[in-house]
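Please read the report below alongside the sequence and the 3D structure. It takes up a surface patch, a helix, several salt bridges and a few backbone details in turn.

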Amino acid sequence: MKENEKNFNRLQVILDALVMIFSYMTGWYAMVSSSRRGGMGVLPREFYFMALVAIVPFFLILYYAFNLYVPNRLEGRRREGSNIIKANAVGGLVAMAVLYLLRQMDVSRMLLSVFLVLNVSLTILERNLVRMVLMRARSLGLNQRYILLVGYSRAAEEYIDRIVQNPQWGYKVLGILSDDTEAGTRYRGVEVLGPIGSLHTLLTYHTPDEIAITVGLNEYYKLERIVAMCEKSGVHTKFIPDYSNIIPTKPYTEDILGLPVINIRHVPLSNTFNATMKRIVDVVGSVFCIVLFSPVMLLTAVAIKTTSKGPIIFSQERVGLHNKPFRMYKFRSMEQQTEAEEQRGWTTRNDPRVTTVGKFIRRTSIDEMPQFFNVLKGDMSLVGPRPERPQFVEKFREEIPRYMVKHQVRPGMTGWAQVHGYRGNTSIRKRIDYDLYYIENWTMSLDVKILVMTLFKGFVNKNAY
């Protein structure tokens with residue numbers, strides 16, 4: 001299996017190199033066409049072809065540096081694409097610096113520009129095509145990687161669940177070793193083969209590609225012995241902790257003079273630079289949206305005022321950043337109510353309180369547009385977990401573990417949960433799972449992705465009524 005991984009890496013290097021050559025030659029052809037029309041590019045073609053001999057190995061080294069040849073079946077498209085962009089950006093900057101230091105003004109900048117744009121685009125396309133072919137092959141049982149689990153626990157079951165649900169990953173569990181579960185016990189087709197002490201004997205007859213330590217919390221005292229046995233086998237070993245409900249998916253670790261420390265929660269937006277960049281985007285984005293959607297908001301205001309009694313804007317107390325309350329604005333979509341009636345609960349399907357205009361603006365999320373002013377004020381963000389009313393916050397903080405973590409960032413007009421359909425009268429637990437993923441994995445590119453997804457499927461939603 002390791003030999004197969006090496007062969008695949010060699011093939012991937014060749015494909016990337018071919019893409020680079022094609023992108024470079026296309027840039028050279030564009031430069032030649034430009035020079036014929038009187039533009040730059042007076043150096044002979046031999047110069048550019050000799051430069052190609054240095055450029056391809058240099059960019060391949062950059063790809064290695066940005067972990068683009070590390071075997072990782074679970075690597076996401078977004079991260080891989082980001083690494084490709086970073087590698088090419090560094091390559092382009094180095095090329096420009098070299099040209100400046102050599103005082104080489106005759107080299108075509110058009111060639112470099114076309115090369116970088118094409119190389120990024122075609123490499124991402126090429127790698128996605130390869131990914132699709134591999135995923136198809138693995139789902140058919142080819143290119144498998146065999147894993148042995150040591151320890152029967154909730155972590156072991158969750159790991160097996162994910163492998164069974166994603167055959168395209170190409171993982172197959174050989175079995176489980178456990179001291180607390182009887183041999184022959186099966187979970188989703190995976191059998192308990194015997195006690196942990198039989199690991200050495202089992203490895204004598206079977207050599208898995210990986211060993212995953214999945215012992216339960218009550219067996220952590222065995223870890224040192226188990227790790228020693230696994231490392232003695234020479235097989236790559238990984239640890240899947242049985243406390244995933246406590247530690248985040250991307251734990252924030254520190255090294256205190258050789259002592260590893262795992263922080264319970266890593267929030268990227270607690271970083272001042274990240275928070276500042278997000279705030280700048282919020283201010284610019286909210287001003288742009290207020291101007292862009294002003295005709296829609298004006299027509300909505302007129303429709304509300306002429307069809308029902310009461311104010312145009314409805315404000316309601318919500319809980320925001322650091323558990324601080326604020327007034328969130330919406331276009332009024334219900335008949336005017338007393339404060340006690342407002343506390344009744346969530347809107348349900350065919351709720352008699354919703355007006356005719358209200359049904360339309362709720363269904364299309366037009367009622368949320370006044371929140372652009374909340375974003376401008378700093379109460380909210382364009383993207384983040386949706387804010388909730390104080391009485392529900394008090395209720396959920398007792399019922400749902402980690403619910404209050406969502407208040408470590410500004411609430412948003414749209415969020416990771418909303419673009420996956422969790423809005424309105426849907427599972428709060430699922431919504432919190434998505435909110436926590438967003439909080440722990442925030443990047444500016446994730447915000448952009450959520451905004452794009454909102455444009456296509458976030459405005460009109462079957463759960464909005």
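Val-283, Val-287, Val-291, Phe-373 and Leu-376 make a nonpolar surface patch of about 380 Å². For such a patch, residues must have over 30% relative accessible area and no salt bridge, with nonpolar side chains (Val, Leu, Ile, Met, Phe, Trp, Tyr) joined within 5 Å and like charges within 9 Å; accessible areas come from the Shrake-Rupley method with a 1.4 Å probe, and for residues only the protein chains shown count as cover. Helix 8 (272-292) and helix 12 each supply at least two residues of the patch, and helix 8 gives the most, with three. Helices (H or I, at least four residues) and strands (E, at least two) are DSSP runs numbered from the N terminus. Val-287 lies in helix 8 and counts as partly exposed at 40% relative accessibility, where buried means under 20% relative accessible area, exposed over 50%, and partly exposed in between (1.4 Å probe, protein chains only).

This is a predicted model, in which local features need pLDDT of at least 70 and side-chain atom pairs count only at pLDDT 80 or more, while totals for chains, interfaces and linings use all residues. Residues are numbered from 1 along each chain as its sequence is written, and side-chain values use heavy atoms, with hydrogens and water left out.

Helix 4 (residues 109-139) has 31 residues, which at 1.5 Å a residue should span 45 Å, and its end C-alpha atoms are 45 Å apart, in agreement; the expected span is 1.5 Å times one less than the number of residues. Ser-139 lies in helix 4 and is partly exposed, with a relative accessible area of 34%. Leaving out residues up to four places away in sequence, Ser-139 touches Pro-167 and Gln-168, contact meaning heavy atoms within 4.5 Å. Just after helix 4, Gly-141 takes a positive phi of about 95°.

The whole structure holds 18 salt bridges, each a side-chain nitrogen of Lys or Arg within 4 Å of a carboxyl oxygen of Asp or Glu. Three of them are set out here.

| Salt bridge | N to O distance |
|---|---|
| Arg-127 and Asp-16 | 2.7 Å |
| Arg-386 and Glu-368 | 3.0 Å |
| Glu-394 and Arg-397 | 3.1 Å |

Arg-127 forms its salt bridge with Asp-16; because Arg-127 lies in helix 4 and Asp-16 in helix 1 (residues 2-36), the pair ties together parts that are 111 residues apart in sequence. Both Arg-127 and Asp-16 are buried. Arg-386 and Glu-368 are also partners in a salt bridge, and Arg-386 counts as buried at 15% relative accessibility, as does Glu-368 at 12%. Glu-394 and Arg-397, being three residues apart in helix 13, are separated by about one helical turn. Glu-394 is partly exposed at 46%, and Arg-397 is partly exposed at 36%. Salt bridges that share partners join Asp-16, Glu-80, Arg-127 and Arg-131 into one network.

Most residues other than glycine have a negative phi. His-322, however, has a positive phi near 60°; this residue lies in the loop between strand 9 (313-319) and strand 10 (325-331) and counts as exposed at 53% relative accessibility. Ser-365 likewise has a positive phi, near 65°, but this serine, in the loop between helix 11 (356-363) and helix 12 (371-377), counts as buried at 9% relative accessibility.
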